[in-house]
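Here is a short tour of one protein model, taken a piece at a time. Have the structure open as you read.

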Amino acid sequence: MSGSAPAVERLRLMLLVPSLQVGGAERQVTLLARHLDPARYAVTVVTIGAQDGAADGFARDLAAAPHVTMASLGRQGRWDLPGPLRRLVDLLHRERIDVIHSFLNLASMFGIAAARLTGIPHVSSAIRDGSDPNWLYRVCRLVQARACDVLVSNSEAGFDSRFRQRRPGFRVIYNGIDLARFTPDPARDARLRSELGLTGFRRVVGMVATLSVYKDHEAFLAMAARVAAARPDTGFIVVGDGPLRGIVEARRAALGLERSVVLAGRRLDADHVTQLLDVACLFTNFRVIEEGLSNSVLEAMACGIPVVATHGGGTRELIHEGVEGHLVADNDAAVAASHVIRLLENDEVRTAMGRRGREAVESRFSMDGCVQRYEEIYRSILGRT
């Protein structure tokens, strides 16, 4: 007797994140949710804080996915803990969630509590950098290592800097890049150059990063001053915003770089702006933290752009000295400037490094590969094949 195969019940997955503001982890949540097969997954994306459509940068992208629903726990303030946790538990029951997958530290601690109260398996992608900035984060990592079913780091460095031995539930899953976002569009690029005030420059060097204590924009500006002196036809752009914007603006003025350095602020099209660059930079404040696996570095590589970045952390897993770019010890501005100038003046070297970076992304950091590795985790903790 013939008949159609029975329909497979979809796995009900909750992706838990502090917010959907523009950021690397938030982009990864959005990409993961959108790339999961709608025939096999029903995805609920939950933000800890009050959801604000205007402020939550990736909410519109998720709203377009038919298999994704969104919810907010409506947390108000630092000490508002019992109410959001109660709402999270209620939501888990109501949506009959099979797996909780949290991103970043705050969401992972909420996820641990909710998993203990409900018995639902918990995957935590809490480790997104190469080291802990303070003791509180260190304590959270120790709790996460013991309490989560699976603890994910987006770099080998994320585990190596914290644990002497790896537990069975530790997994490294590199960030995934949606290569379809990085296709040439000359008309769009021309519009962006005009909009950002870059049309007067022959070459452009940029850094995409939040203006926070974890990044070293001082090093970027010091490098820019040296490059501008040697190559006045070079423009610079800083994409991102944050609490240190005033300090960055003041330093730019002190170095006389107001006409050379564009502060573009927070942009949802940072990936498109990246495609305008000839050289990309990422200087991490190594005095405070080590980088994990940077989306901005990966996106530059996906664009075929060489990268000059701080030596350390997960960046060493992306950039090999002289292959896809250059690594700079201690953010030495003079060394960084010499690398940038050489790349700007040598089209052959710049193109070759960019090509090798694109090839690395295609082979090691595709979004399809990232999704597949997460799916393997979901199936394994549920005992599914």
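A residue is called buried under 20% relative accessible area, exposed over 50%, and partly exposed in between. With that in hand, let us start at one residue of this predicted model. E258 has 43% relative accessibility and therefore counts as partly exposed. The loop that holds E258 runs between α9 (245–254) and β10 (261–265). Beyond its neighbours within four places in sequence, E258 is in contact with R252 and A253. As for S161, 97 residues away along the chain, its C-alpha atom is separated from that of E258 by 39 Å.

Strand β10 leads us to the sheet. Six strands form an open sheet with parallel pairing, in the order β10-β9-β8-β11-β12-β13. Its edge strands, β10 and β13 (325–328), each pair on one side only. On average, neighbouring strands are turned by 20° against each other, direction ignored. Within the sheet, β8 and β9 are joined in the parallel sense over six bridges, and M207 has V238 in β9 as its bridge partner. Helix α12 packs on this sheet, touching β8, β9, β11, β12 and β13, and its direction makes about 170° with that of β13.

Now to a pair of helices, α1 and α14. Their axes lie 10 Å apart at an angle of about 75°, so the two are roughly perpendicular to each other.

| Helix | Residues | Residues in the contact |
|---|---|---|
| α1 | 24–35 | Q28, L31, L32, H35 |
| α14 | 367–382 | M367, D368, C370, V371, Y374, Y378 |

The residues of this contact between α1 and α14 divide into seven nonpolar, two polar and one charged.

Note on methods:
Residues are numbered from 1 along each chain as its sequence is written. This is a predicted model: local features need pLDDT of at least 70, side-chain atom pairs count only at pLDDT 80 or more; totals for chains, interfaces and linings use all residues. Side-chain values use heavy atoms; hydrogens and water are left out. Helices (H or I, at least four residues) and strands (E, at least two) are DSSP runs, numbered from the N terminus. Buried means under 20% relative accessible area, exposed over 50%, partly exposed in between (1.4 Å probe, protein chains only). Contact means heavy atoms within 4.5 Å. Axes are lines fitted to C-alpha atoms, for helices over the stretch in contact, and angles run from 0 to 180 degrees between N-to-C directions. Angles under 35 degrees count as roughly parallel, over 145 as roughly antiparallel, 65 to 115 as roughly perpendicular and the rest as oblique. Ala, Val, Leu, Ile, Met, Phe, Trp, Tyr, Cys and Pro count as nonpolar, Asp, Glu, Lys and Arg as charged, and the others, Gly among them, as polar. Two strands pair if DSSP finds at least two bridges between them.
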